[in-house]
Amino acid sequence: MTMQKFTDIQKERIINIIELKTTNKGICNCDNPNMRVLDGQYYLPLLSATYGNEPITLINVLCENCGRLRTYSKDFFENN
């Protein structure tokens, strides 16, 4: 795991991209709009090594109402 503090602008961008791609579905099942991007990027080296790729970088987003933790691939945000 590599700790990286996200800036407020990066956190806002991450949430905006998720909202854009999940239109009319809500980010969380409880429909709470308050999501928090957790600091730190996480890697799945064992899973990706199985497929012969580089480690998969993950970003975690937490619902501040129900505590649901959602994990997104960093690639999900790269082209937006």
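Biologist: What should I keep in mind before we start?

Modeller: It's a predicted model, where local features need pLDDT of at least 70, side-chain atom pairs count only at pLDDT 80 or more, and totals for chains, interfaces and linings use all residues. Residues are numbered from 1 along each chain as its sequence is written, and side-chain values use heavy atoms, with hydrogens and water left out.

Biologist: Okay. Why is Asn60 called buried?

Modeller: Buried means under 20% relative accessible area, exposed means over 50%, and partly exposed is in between (1.4 Å probe, protein chains only). Asn60 comes in at 9%, so it counts as buried.

Biologist: Where does Asn60 sit?

Modeller: In strand β3, residues 56-63. Helices (H or I, at least four residues) and strands (E, at least two) are DSSP runs, numbered from the N terminus. Seven of the eight residues of β3 are buried.

Biologist: What makes Asn60 and Thr71 a polar contact?

Modeller: The term needs a pair of N or O atoms within 3.5 Å; within protein, one must be able to donate a hydrogen and the other to accept it, and residues adjacent in sequence count only if both atoms are side-chain atoms. The side chains of Asn60 and Thr71 meet at 2.7 Å, and the pair is listed as a polar contact. Thr71 is also the bridge partner of Asn60 in β4.

Biologist: How do you know that β3 and β4 pair?

Modeller: Two strands pair if DSSP finds at least two bridges between them. β3 and β4 have five, in the antiparallel sense. Their hairpin has five residues between the strands, and Gly67 there takes a positive phi near 85°. On β1 and β3, three bridges join them, again antiparallel, with Val37 opposite Val61 in β3.

Biologist: What makes Glu64 and Arg36 a salt bridge?

Modeller: The rule asks for a side-chain nitrogen of Lys or Arg within 4 Å of a carboxyl oxygen of Asp or Glu. For Glu64 and Arg36 the N to O distance is 3.3 Å, and the pair counts as a salt bridge. Glu64 lies in the loop between β3 and β4 (69-73) and Arg36 in strand β1, so the pair ties together parts 28 residues apart in sequence.

Biologist: Why are Glu64 and Arg36 called partly exposed?

Modeller: Glu64 has 48% relative accessibility and Arg36 has 40%, so each gets that label.

Biologist: Why is the pair Tyr72 and Phe77 called edge-to-face?

Modeller: Rings of Phe, Tyr and Trp (its six-membered ring) pair if their centres lie within 6.5 Å; planes under 30 degrees apart count as stacked, over 60 as edge-to-face and the rest as tilted. The centres of Tyr72 and Phe77 are 5.9 Å apart and the planes stand at 65°, so the pair is edge-to-face. Both Tyr72 and Phe77 are buried.

Biologist: What makes a group of residues a nonpolar core?

Modeller: It's a set of buried Ala, Val, Leu, Ile, Met, Phe, Trp, Tyr and Cys residues joined through side-chain atoms within 4.5 Å. The largest one here has 13 residues, with Ile14, Val61 and Phe77 among those with the most contacts inside it. Helix α1 (8-21), β1 (35-37) and β3 each supply at least two residues of this core, and α1 gives the most, with four.
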